[in-house]
Amino acid sequence: MTSSSLRVKGLTKRYGDFVALAPTSLDVAKGEFLTLLGPSGSGKTTLLSLIAGLAHPDEGQILVDDADVTHSPAYDRDIGVVFQNYALFPHMTVEDNIAFPLKMRKVADADARRRTAEALETVRLPHVAKRYPRELSGGQQQRIALARCIVYRPAIILMDEPLGALDKKLRDQMQLEIKRIHRELRTTIIYVTHDQEEAMTMSDRICLMNAGAIEQLGTPEDLYFRPQSVFVADFLGESNLLSATVRQVDAQGLDIVLADQTAPSRAVGNGASFTAGEPIKLMVRPQNLHVADAADGKLTGRLVDVMISGSMTRLYIAPEKADMPQLVAAYPTRASAAPYEIGQRVSLGWNSADAVAIRDGRGH
Amino acid sequence: MALAKAPAIESGQLRTATRSRARSQAWTWAAMGGPLVLLLVLFLVYPVGQLLLLSIHNDSGFTLAPYRQLFASSVYIDVLLITLKISLVTTLVCVVTGYPIAYLISVVGKERKATLLFWVLLSFWTSFLVRAFAWIVLLGRNGVINKLLLSLGIISSPASLLYNFGSVLVGMVNALLPLAVLTMLSVMENIDRNLPRAAATLGARPGMAFWKIYFPLSLPGVAAAGIMVFVTAIGFFIVPALLGGRRETMITQLIIDQVQQTLNWGFAGAISVLLLIVVLIVFAAYDRLLGLSTMTGAAAPRSVAPSRLAGPVQRIGDAVLTLLGMISDRIILALPSRRRDRNPDQAGLGLQAFVWTMLIIISAPTLLMIPLSFGTGGLNWPPQGFTLHWYETVLHSPVWTQAFLRSLLVGLGTGALAMLIGTPAAFLLVRSNIPGKAAWLAFILSPIVVPRMIIAVGMFYVFASMGLVGSAFGLILGHTVVAVPYVVMTMMAVLRNYDTRLDHAAQSLGARPFATLRHITFPILGAGMFSSFLFAFATSFDELTIALFATGGLNATLPKQFWDEVTLQVSPVIAAVSTCLFIFMGLLIFVAERLRRRAAAR
Ligand SMILES: Nc1ncnc2c1ncn2[C@@H]1O[C@H](COP(=O)(O)OP(=O)(O)OP(=O)(O)O)[C@@H](O)[C@H]1O
Ligand SMILES: [Mg+2]
């Protein structure tokens with residue numbers, strides 16, 4: 001099975017004065033599964049089209065296995081793309097669609113037929129070979145698009161929100177399928193999604209983009225537990241962000257003081273270096289925010305709302321200090337009725353190991 | 001930071017790469033758009049320029065004599081006024097009666113839509129000559145109408161219905177109504193049908209919803225139809241020449257006389273200048289009011305219309321629409337309740353009756369001519385006996401068969417050349433970021449704007465100097481000039497609907513540009529390309545103005561032969577030829593529609 005590494009250096013794309021992609025550098029290892037995550041318009045599709053050769057960069061370089069492909073046309077790159085809208089050819093049968101890349105590569109007929117059948121087997125749709133794309137359901141079309149991409153074993157596969165249109169169940173199935181294909185073929189995959197959960201479960205690394213630039217690149221754990229910016233903490237999973245000031249930095253963590261409070265508390269760093277006196281944001285994930293009746297916590301507030309979303313119950317709490325944002329705490333739902341009443345005064349606490357310090361401000 | 005230097009070097013290399021890419025891009029643009037520009041410069045700009053020059057320049061240098069002649073008496077100004085009057089009334093009638101037809105077609109279900117559209121298209125594609133001839137027969141002393149009125153006892157002796165303003169108007173409306181309907185339809189089909197429904201949920205009664213929501217949205221189509229009909233009408237000569245009397249002479253007929261009878265190029269040029277100025281004034285007014293971009297009907301720019309219309313005008317318009325809405329709702333309320341709670345998507349009976357009446361009026365003359373072509377009683381109604389004599393005469397006459405073959409050859413040539421030149425230009429206008437797109441588009445569409453007669457006379461003059469008069473090749477070039485804007489327009493519409501991601505997909509799967517075109521782009525665009533080809537073919541097949549001057553004798557095309565015959569005498573032979581032409585066009589539409597549907601089913 002072929003597989004290639006990808007290196008992107010200072011890649012930039014502008015539309016007139018608008019910078020769709022600020023100079024971006026990125027290394028993707030052979031066989032890696034990298035997910036591009038980010039809000040709408042953050043430049044994910046732009047980056048993919050530049051890598052695939054479907055758009056020309058204004059600056060920068062693209063290297064596949066250390067060979068410069070910046071100016072080679074799409075058809076010479078050996079990079080497969082699974083398009084967001086599937087882009088199946090409407091005038092060809094499923095079979096012909098899948099065989100198309102083989103035909104372009106002048107693969108012998110018998111061989112092409114065998115490989116097409118194999119690819120259909122892989123996506124578990126051998127019975128639709130003779131149909132036209134419009135005769136398939138959305139999920140089936142999606143799988144055909146995938147089959148058409150894997151059939152010629154490109155060294156790198158780019159997938160742009162490939163599961164965007166599917167229902168939850170089909171999406172879960174397809175995720176497993178894609179992971180299986182990734183495991184079996186060991187292809188390098190760059191995957192775009194809006195779904196954080198999908199990103200967390202599938203990827204070796206996640207590249208979080210914001211406003212045409214990389215905000216943070218790392219393993220899912222890195223991004224979740226050690227966000228480098230408020231944006232990352234906010235985007236990936238729910239988080240409570242509290243203003244605080246650094247008192248002192250030591251080997252184990254930081255001494256901090258929450259805004260408007262005098263009692264010091266502890267926090268862990270996110271890998272960045274802090275200096276005493278620096279303003280920071282303290283991130284506590286909802287499931288780590290403990291709620292108690294007693295007034296022995298670090299903060300107090302009033303319960304505003306209780307929401308049960310399946311396995312988790314969420315409590316929304318307005319801190320008593322007027323200028324603090326609303327907080328959310330979550331714990332596993334139990335069959336017994338909620339022990340809290342709306343309007344009730346509660347106290348909030350957390351383990352210092354779950355409180356992560358993040359540099360304040362949007363810049364890096 | 002260690003990388004800080006490297007990007008600088010790379011971007012230097014990149015600039016060179018960008019520059020060389022820009023250069024190759026310029027070459028691509030030139031290769032794709034060049035042939036069309038060359039064609040238009042050589043066979044539109046140059047000939048028309050020549051003609052205009054001839055009006056102020058004779059053997060002895062600069063002169064204004066033709067213009068002095070033009071304004072010396074009121075004769076020519078009168079002709080101009082009559083031309084304007086006929087064109088304006090025709091436009092008004094076409095738009096007002098065409099609107100309900102287009103509306104009905106845009107709202108009915110798939111099956112009924114196909115039927116209605118078939119009749120409009122059949123009429124649209126039937127030769128102007130055939131339709132005008134059919135009216136001669138219909139309105140004649142022994143025609144259907146007179147016979148009908150006599151038998152009903154309304155008149156006691158045959159009335160003379162021909163050769164007056166009424167007959168010209170009937171012929172003109174018949175000729176141009178299908179164009180008006182199709183133009184308005186293209187806009188109406190793009191109006192979101194949920195909007196009037198949304199208005200209904202917001203409390204608007206049907207009348208109000210129509211006048212305040214649907215009607216304003218359809219106005220760009222009305223405007224486009226109006227200008228298309230007017231410009232075609234003002235350059236028309238077939239209908240006034242065949243159906244009008246001396247008092248319905250139109251300005252284009254004067255130009256023909258000057259060229260064919262007196263060979264007075266200077267005077268023909270002067271009349272052309274007059275005509276051109278009138279057309280340009282109309283276009284300038286249109287542009288001021290609505291913006292020229294609405295003409296293609298493509299993107300009806302909602303922002304343009306309100307800003308161009310001054311505030312008070314807009315307020316008055318709004319008040320009128322509100323009033324109309326209220327009146328309609330009152331009328332609907334006054335009707336029996338059964339009518340009120342019918343399904344809002346179902347068209348009213350009155351509307352349906354009106355539309356079918358109009359469709360019958362525009363199709364009937366041609367259909368009624370068919371039995372006459374098999375009769376032994378000449379062109380008198382009712383048809384008598386049965387004979388194939390007229391058809392045998394046509395088939396055995398080398399003049400007619402030659403003319404048919406000639407037209408077929410020229411039509412196919414025009415279709416092929418227009419596609420060859422027009423398709424790349426359409427690609428360029430839709431897909432590339434070539435600067436000055438709007439200007440290029442205006443230039444490419446100019447053969448529609450400049451009255452056909454001016455193009456034809458100018459071309460005749462230039463062809464004469466090149467020895468192209470009477471040659472099929474010259475005629476193909478000439479017809480391509482007038483057909484190519486339609487090809488570019490339809491191909492642009494087709495390309496806009498085409499999902500370019502399919503091309504991207506093909507390229508990412510390893511298809512080179514040529515393979516992408518061959519396996520993906522062209523097969524998917526096939527139906528659209530075929531219909532543009534047909535459009536070009538039909539334009540040429542029915543073209544008379546250019547052929548009028550550029551052909552003659554044994555190299556006459558079918559319309560030219562038809563014209564020569566019909567201006568000599570009205571005979572059953574012509575009814576036979578008309579029937580053949582009608583059936584030929586009917587088959588063509590049928591086949592085209594079949595192909596289109598098969599492609600759409602994919
Ligand atoms: N052809 C274009 N011309 C001008 N601007 C463009 C063009 N294509 C993209 N953009 C802009 O570039 C930015 C990035 O677009 P891109 O498609 O990469 O976003 P994205 O991250 O894929 O968003 P989404 O998640 O919504 O798909 C957007 O602001 C978009 O408006
Ligand atoms: Mg995108």
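Predicted model: local features only at pLDDT ≥ 70, side-chain atom pairs only at ≥ 80, totals over all residues.

Analyst: Let's start with the polar side of things. Between domain 1 of chain A and domain 2 of chain A, four residue pairs are in polar contact, both partners at pLDDT 80 or more. A polar contact here is a pair of N or O atoms within 3.5 Å; within protein, one must be able to donate a hydrogen and the other to accept it, and residues adjacent in sequence count only if both atoms are side-chain atoms. On the domain 1 side of chain A, helix α7 (residues 220–225) gives the largest share of the residues touching domain 2, three of them. Helices (H or I, at least four residues) and strands (E, at least two) are DSSP runs, numbered from the N terminus.

Residues are numbered from 1 along each chain as its sequence is written, chains are lettered from A and ligands numbered from 1 in the order in which they are written, and side-chain values use heavy atoms, with hydrogens and water left out.

Back to the domains. Domain 1 of chain A covers 6–230 and domain 2 covers 238–363, with bounds from an automatic or database domain assignment. Nine residues of domain 1 of chain A and twelve of domain 2 take part in the contact, meaning heavy atoms within 4.5 Å. About 870 Å² is buried between these two domains of chain A, 51% of it from carbon and sulfur atoms; buried area is the accessible area (1.4 Å probe) that two parts lose on being put together, summed over both. Salt bridges across this domain interface of chain A number zero, the rule being a side-chain nitrogen of Lys or Arg within 4 Å of a carboxyl oxygen of Asp or Glu.

Now for the chains. Chain B and chain A bury about 2600 Å², with carbon and sulfur atoms giving 65%. There is one salt bridge between chain B and chain A: Arg512(B) pairs with Asp76(A), their closest N and O atoms 3.1 Å apart. On the chain B side, α22(B) contributes the most, seven residues.
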